[in-house]
Amino acid sequence: MRCERCEGTGKIAEIKRLGNSDEVAQGPWVPCPDCNGSGIGHCCDGLQAQCDKPGA
């Protein structure tokens, strides 16, 4: 399954706010925190920390 946040690229643009305005500056590309840069979405899609393991 493809990561929804980075759309499978494994990278997102770091966004920084500029002062008190609504303007944002895109910084360098950083590894996606949701998929740890793999581009693959977690099997539980963020619904729980760990997937249920059979026999656990």
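Tutor: Strand β1, residues 11-17, and strand β2, residues 24-31, run antiparallel and are joined by six bridges. The model is a predicted one, and these two strands, with zero helices, make up the secondary structure of the chain.

Start at the turn. Six residues lie between the strands of this hairpin, and among them Gly19 takes a positive phi near 60 degrees. Most residues other than glycine have a negative phi. Glu7, which is not a glycine, has a positive phi of about 60 degrees, and its place is in the segment before β1. Asn36 is also a residue other than glycine with a positive phi, near 55 degrees, and it is found in the segment after β2. Glu7 counts as exposed because its relative accessibility is 55%. Asn36 is exposed as well, with a relative accessible area of 68%, and the cut-off for that class is over 50%.

Now the pairing itself. Ile12 has Val30 as its bridge partner in β2, and Ala13 stands opposite Trp29 in β2. In a regular strand the side chains alternate between the two faces of the sheet.

With residues up to four places away in sequence not counted, Lys11 touches Cys6, Trp29, Val30 and Cys32.

From Ile12 the picture extends to the core. Ile12 belongs to the largest nonpolar core, which has five residues, the others being Cys3, Cys6, Cys32 and Cys35. What links these cysteines? The structure holds zero disulfides. Cys3 is in no disulfide, and its nearest cysteine sulfur, that of Cys6, is 3.8 Å away. Cys32 is likewise in no disulfide, the nearest cysteine sulfur being that of Cys3 at 3.9 Å. Both distances can be set against the cut-off for a disulfide, which is within 2.5 Å. Cys3 counts as buried because its relative accessibility is 4%, where the limit is under 20%. Cys32 is buried too, at a relative accessible area of 1%.

Side chains of opposite charge can pair when their charged atoms come close. Asp34 forms a salt bridge with Arg5, and their closest N and O atoms are 3.3 Å apart. This pair links distant parts of the chain, with Arg5 in the segment before β1 and Asp34 in the segment after β2, 29 residues apart. The count for the structure is one salt bridge. Arg5 counts as partly exposed because its relative accessibility is 46%.

Another pair of positions brings Glu7 back in. The C-alpha atoms of Glu7 and Ile40 are separated by 8.8 Å, although the residues are 33 apart along the chain.

The totals for the whole chain put this part in context. Of the contacts with a separation of 6 or more, 39% are between residues 24 or more positions apart. Buried residues make up 18% of the 56 residues. The accessible surface comes to about 4,700 Å², and carbon and sulfur atoms account for 49% of it.

Note on methods:
Residues numbered from 1 in each chain as written. Predicted model: local features only at pLDDT ≥ 70, side-chain atom pairs only at ≥ 80, totals over all residues. Heavy atoms only, no water. Core = buried A, V, L, I, M, F, W, Y, C linked by side-chain atoms within 4.5 Å. Buried < 20%, exposed > 50% of the residue type's maximum accessible area, 1.4 Å probe, protein only. Pairing = 2+ DSSP bridges. Helix = DSSP H or I, 4+ residues; strand = E, 2+ residues; numbered from the N terminus. Contact = heavy atoms within 4.5 Å. Areas by Shrake-Rupley, 256 points an atom, 1.4 Å probe, with all protein chains shown as cover. Salt bridge = Lys/Arg side-chain N within 4 Å of Asp/Glu carboxyl O.
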